[in-house]
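Here's a quick look at one protein, from its overall make-up down to the space inside. Have the model open as you read.

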Amino acid sequence: MHPSARNELKTLSKENAEQVGRHLAMAAKLIDEDPQLAHEHALAATRRAGRIAVARETAAITAYAIGDFALALRELRTYRRISGRDDQIALMVDSERGVGRPDRALEVGRSVDRATLPTPARVELAIAMSGAQLDLGQPERALTELDIPELDPDRAFEWSPALFAARAAVLEELGRDSEAAEWQRRAVVAAEVIEAALGGPADDEVQVVDEVEEITLEEDDIAPQSADEAVADEAVADEAQASSEPVSEFESEPQVAPDPDAEAPASDDSIDPKSETLFDHDPEA
């Protein structure tokens, strides 16, 4: 668990903080192999720590993973109010798409200042906005959404495979099959480069999720939430907004290339050259 999340849990009693921390760690551990069980752990954490931003963030992410987009939206809004952060805005956009509101998804995405977002979040937002444009049958606009400075075809950053693949999908929708195939190839190459870069010596491995003690869900942990509890959750979020500390993302992948925002704001016409080089020419030259 990220240190900032641990700091949040310090506002709880020691025993409760330990239980919540274990549920959150189990959610992170299980999200890929058993998203439903991960979600149950996340809900157990919110029952014990409704005022803790990372608990609501985790519940949102696991709800999204199981396709409960309405619940994901509710938890994301609560997380946003408690933390004051927009780092999960792309997930909000995708959740709006999930409930069949692509127009609303675009409005949500345009409501934030992208310059204030971390680079990975900014890229994720561009991909989500592009998907919303495709939902509306507007592939040209979908392609424009992906024309961002981070679209560097010759270097591999952590966000590159998804960004390249998204561009390939839009180009295919436009009937530009040869360009689509080229960008899809680049997505595969970028993923391979990143995987190779992360497969270094044991001493260089990055631990993403802490080793956690297995914890079994009790009946009280998985009981459905009542309407009164849901209303109370919204009130809790409003009360906590002014005083809560921002927290880290639920789980982030280790970066292959440094974040261009690490030392200075990203520029529209440049990308940090310190990255894994993929190709020596422009794919659209």
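## Overall make-up

Of the 285 residues in the protein, 45% are buried, meaning under 20% relative accessible area with a 1.4 Å probe and protein chains only. This is a predicted model, where local features need pLDDT of at least 70, side-chain atom pairs count only at pLDDT 80 or more, and totals for chains, interfaces and linings use all residues. Residues are numbered from 1 along each chain as its sequence is written, and side-chain values use heavy atoms, leaving out hydrogens and water.

You'll find 13 helices and two strands in the protein, taken as DSSP runs (H or I, at least four residues, for helices; E, at least two, for strands) numbered from the N terminus.

## Contacts and surface

Take contacts (heavy atoms within 4.5 Å) between residues at least 6 apart in sequence: 68% of them join residues at least 24 apart. The accessible surface (Shrake-Rupley, 1.4 Å probe) is about 14500 Å², with 47% of that belonging to carbon and sulfur atoms.

## The cavity

There is one cavity of 30 Å³ or more, a cavity being a set of points on a 1 Å grid over the protein atoms alone where a 1.4 Å probe fits but cannot get out. The largest cavity holds about 40 Å³ of space, the volume being what probe spheres set on the points fill.

Which residues line the largest cavity? They are Leu76, Tyr79, Arg80, Arg85, Asp86, Gln88, Ile89 and Met92, lining residues being those with an atom within 4 Å of a point. Helix H5 (69–83) and helix H6 (89–98) each supply at least two of the lining residues, and H5 gives the most, with three. By type, the lining has four nonpolar, one polar and three charged residues.

Technical notes: On a 1 Å grid over the protein atoms alone, a cavity is a set of points where a 1.4 Å probe fits but cannot get out, and a pocket is an open set with protein on both sides within 12 Å along at least five of seven lines; lining residues have an atom within 4 Å of a point. Ala, Val, Leu, Ile, Met, Phe, Trp, Tyr, Cys and Pro count as nonpolar, Asp, Glu, Lys and Arg as charged, and the others, Gly among them, as polar. Buried means under 20% relative accessible area, exposed over 50%, partly exposed in between (1.4 Å probe, protein chains only).
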